[in-house]
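Hi,

Here is the structure I promised to pass on. Have a look at it first, and then read my notes below.

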Amino acid sequence: MSGEFVIKPVARIQNEFNSKFGIPRQSGLLEGVSSTIIFEPQFRNPDALRGIEEYSHIWLIWQFSESLRDSFRPTVRPPRLGGNKRVGVFATRSPFRPNSMGLSCVRLICVRDTEKYGRVLEVAGADLMNGTPIFDIKPYVKYSDSHPEAECSFSDEYSGYGLKVSVPDGLAGKMPEETMRAVVQMLKNDPRPAYQHDAYREYAFEYGGFSVRFRVAGDTAEVTDILACDEQ
């Protein structure tokens with residue numbers, strides 16, 4: 001067999017995550033946030049999705065398009081370990097990988113027909129930035145894909161981690177309720193780099209056309225300001 005193996009996107013994701021900061025660290029953490037999977041023109045044949053609606057969850061194989069590297073580094077410093085301890089890249093889910101490939105399990109909300117893009121998939125719990133290329137989609141099969149007894153190294157320590165969230169009354173009405181619910185979930189998951197826990201340091205991220213500023217004191221994330229992106 002000759003010729004070079006070429007991989008190309010079959011779809012791209014569309015959502016409100018327009019920057020890396022604030023995106024959940026793993027899929028499934030923001031179940032209330034939906035995304036749309038839009039297929040590339042050559043893959044918009046509806047027959048390719050025949051039967052997918054019979055599955056509740058699907059796997060996405062995608063590219064860390066904002067973390068591409070030309071060189072190979074065998075170790076990385078996971079944020080959850082304070083950014084100081086090095087671990088083998090293949091023992092982590094770091095975006096800085098030889099082929100910059102990501103793997104996410106998302107819930108399939110529905111299959112929907114659109115006039116502009118043909119048949120699309122609505123999913124929940126995606127941890128992909130808006131515009132991320134998707135290389136393949138496969139159904140989640142619980143009898144082989146689920147392993148509740150699995151041991152997960154340092155990841156187990158943070159499985160139940162979360163912050164309380166405080167939003168002052170004067171800021172709560174600055175964005176739609178649905179957007180605010182998503183922002184609260186993002187803050188509960190603590191989007192800060194794990195090695196940056198300076199008391200009262202202010203951070204900011206964008207979501208749904210708004211810039212959200214916050215700081216963390218103890219176990220509480222306090223929203224300090226909300227601005228429409230076009231007001232900045």
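First, a term you will need: a residue is called buried under 20% relative accessible area, exposed over 50%, and partly exposed in between (1.4 Å probe, protein chains only). By that scale Glu 202 is partly exposed, because its relative accessible area is 38%.

Keep in mind that this is a predicted model, so local features need pLDDT of at least 70 and side-chain atom pairs count only at pLDDT 80 or more, while totals for chains, interfaces and linings use all residues. Residues are numbered from 1 along each chain as its sequence is written, and side-chain values use heavy atoms, with hydrogens and water left out.

Now the salt bridges. Side chains of opposite charge can pair when their charged atoms come close. The cut-off here is a side-chain nitrogen of Lys or Arg within 4 Å of a carboxyl oxygen of Asp or Glu. How many salt bridges does the structure hold? There are eleven.

One of them joins Asp 219 and Lys 164, at 3.6 Å from N to O. Asp 219 sits in the loop between strand S11 (210–217) and strand S12 (220–228), and Lys 164 is in strand S9 (residues 164–166), so this pair ties together parts 55 residues apart in sequence. (Strands are DSSP runs of E, at least two residues, numbered from the N terminus.) Asp 219 is partly exposed at 39%, whereas Lys 164 is exposed at 53%.

Glu 202 has a partner too: its side chain meets that of Arg 213 in a salt bridge (3.1 Å, N to O). Arg 213 belongs to strand S11 and Glu 202 to strand S10 (residues 202–207), so they link parts eleven residues apart in sequence. Arg 213 is partly exposed, with 32%.

Next, the cysteines. A disulfide would need two cysteine sulfur atoms within 2.5 Å, and a search of the whole structure finds zero. Cys 110 is in no disulfide either, with its nearest cysteine sulfur, in Cys 105, 17 Å away. Cys 105 is buried at 18%, but Cys 110 is partly exposed at 30%.

Lastly, have a look at Arg 73. This residue is in the loop between strand S3 (57–63) and strand S4 (75–76), and at 47% it is partly exposed.

Cheers

Notes: Helices (H or I, at least four residues) and strands (E, at least two) are DSSP runs, numbered from the N terminus.
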